[in-house]
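User: I would like to go through this model with you, beginning with the overall picture and then the details. Could you take my questions in turn?

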Amino acid sequence: MDLLVTTASYLSIGLGVVALLIGSLGLVRLPDVYARIHAVGMIDTAGASLIILGMVIHAGFSLVSAKLILIGVFMFFTSPIATHALARAAHMMGVVPVGRNLDKPARKTAKKAAKTSVKPPVQRKAKPKSAAAKRRPS
Amino acid sequence: MMVIAIIACAVALIMALVRTALGPTAFDRVLAVNAIGTIVILGIALHGFIMERPEFVDISLLYAILNFIGTFAVLKIFSTGSLGDAGTKRPGDK
């Protein structure tokens, strides 16, 4: 039984460490705010939850594990709210995602043109691209 | 295993600090600081377990609450320019 508890605790903490390292690597490597939010979501949910679960299994049934479960539940609910507010604020302040360099109305017209005609509007693409590049914060 | 976990927390903290230093927009920096807060919470709890003093979990819980509130405060300053208005002017309004 003791061996089982120790194994489960170590396995959970090990998986959490792997998720933590993958998430922090993604935070450095990914190209965009909206892409980096995914990496931070990995740290906040998978890494933190698994490490806290490992500590709960290690601590057994006590007040410490109750507090750890409280931390886990709190982070489980608040970190998606924080990242959602951050993505919304970035979108409102005009951070353009990588790969979507067209402006919003121009993108709509481009989509409509692509729906009606097979030929994509090539010469129309140049103007909004420059406008979006001007708008993008450096 | 706890020692390995706290070393991994340190590595992840250094990577998040790199992103805080180089992040092109301010939102990258807010995101990285949020991640640093999460990693610090885990590190404090793990440190309490390593040192056989589980009272550190209380400090960890306090940091979890402060991290959430702090992220929202900084985002509100970025969006509206102040912390004290009544919310009549939204950032998306024209």
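This is a predicted model: local features need pLDDT of at least 70, side-chain atom pairs count only at pLDDT 80 or more; totals for chains, interfaces and linings use all residues.

User: How many helices and strands does chain A have?
Analyst: Chain A has five helices and zero strands, in the order α-α-α-α-α along the sequence. Helices (H or I, at least four residues) and strands (E, at least two) are DSSP runs, numbered from the N terminus.

User: What share of chain A is buried?
Analyst: Of its 138 residues, 28% count as buried. A residue is buried if 20 or more other C-beta atoms lie within 10 Å of its own, exposed if 12 or fewer, and partly exposed in between, with C-beta atoms placed from the backbone.

User: Turning to helix 3 of chain A, what is its reach?
Analyst: Helix 3 of chain A (residues 63-92) has 30 residues and reaches 43 Å from its first C-alpha to its last, close to the 44 Å expected. The expected span is 1.5 Å times one less than the number of residues.

User: Where does helix 3 of chain A bend?
Analyst: The bend is about 25° at A:T78, and a proline, A:P80, follows within four residues. The bend at a residue is the angle between axes fitted to the seven residues ending there and the seven starting there. After helix 3 of chain A comes A:G94, with a positive phi near 90°.

User: What do the buried residues of that helix pack against?
Analyst: They pack against helix 2 (33-59) of chain A, together with helix 2 (26-50) and helix 3 (56-80) of chain B. One of the buried residues is A:L68, which counts as buried because 27 other C-beta atoms lie within 10 Å. A:L68 touches residues including A:I52, A:M55, B:A45 and B:V57, not counting residues up to four places away in sequence. Two residues are in contact if their C-beta atoms, placed from the backbone, lie within 7 Å.

User: Which residues touch the most other members of the largest nonpolar core?
Analyst: Of its 51 residues, these are A:L86, B:L31, B:A35 and B:A45. Such a core is a set of buried Ala, Val, Leu, Ile, Met, Phe, Trp, Tyr and Cys residues joined through C-beta atoms within 7 Å.

User: How many residues of chain B are in contact with chain A?
Analyst: 39 residues of chain B are in contact with 39 residues of chain A. Helix 2 of chain B gives the most to the chain B side, with twelve residues.

User: Is B:E52 buried or exposed?
Analyst: B:E52 counts as exposed because it has 6 C-beta neighbours inside 10 Å. B:E52 is in the loop between helix 2 and helix 3 of chain B, and has a positive phi of about 60° although it is not a glycine.

User: Finally, which elements of chain A have the lowest and highest mean pLDDT?
Analyst: Helix 5 (residues 126-135) has the lowest, 50, and helix 1 the highest, 92. pLDDT is the predictor's confidence in each residue, from 0 to 100. The mean for chain A is 79, but pLDDT stays under 50 over residues 117-129.

Terms used:
Residues are numbered from 1 along each chain as its sequence is written. Chains are lettered from A and ligands numbered from 1 in the order in which they are written.
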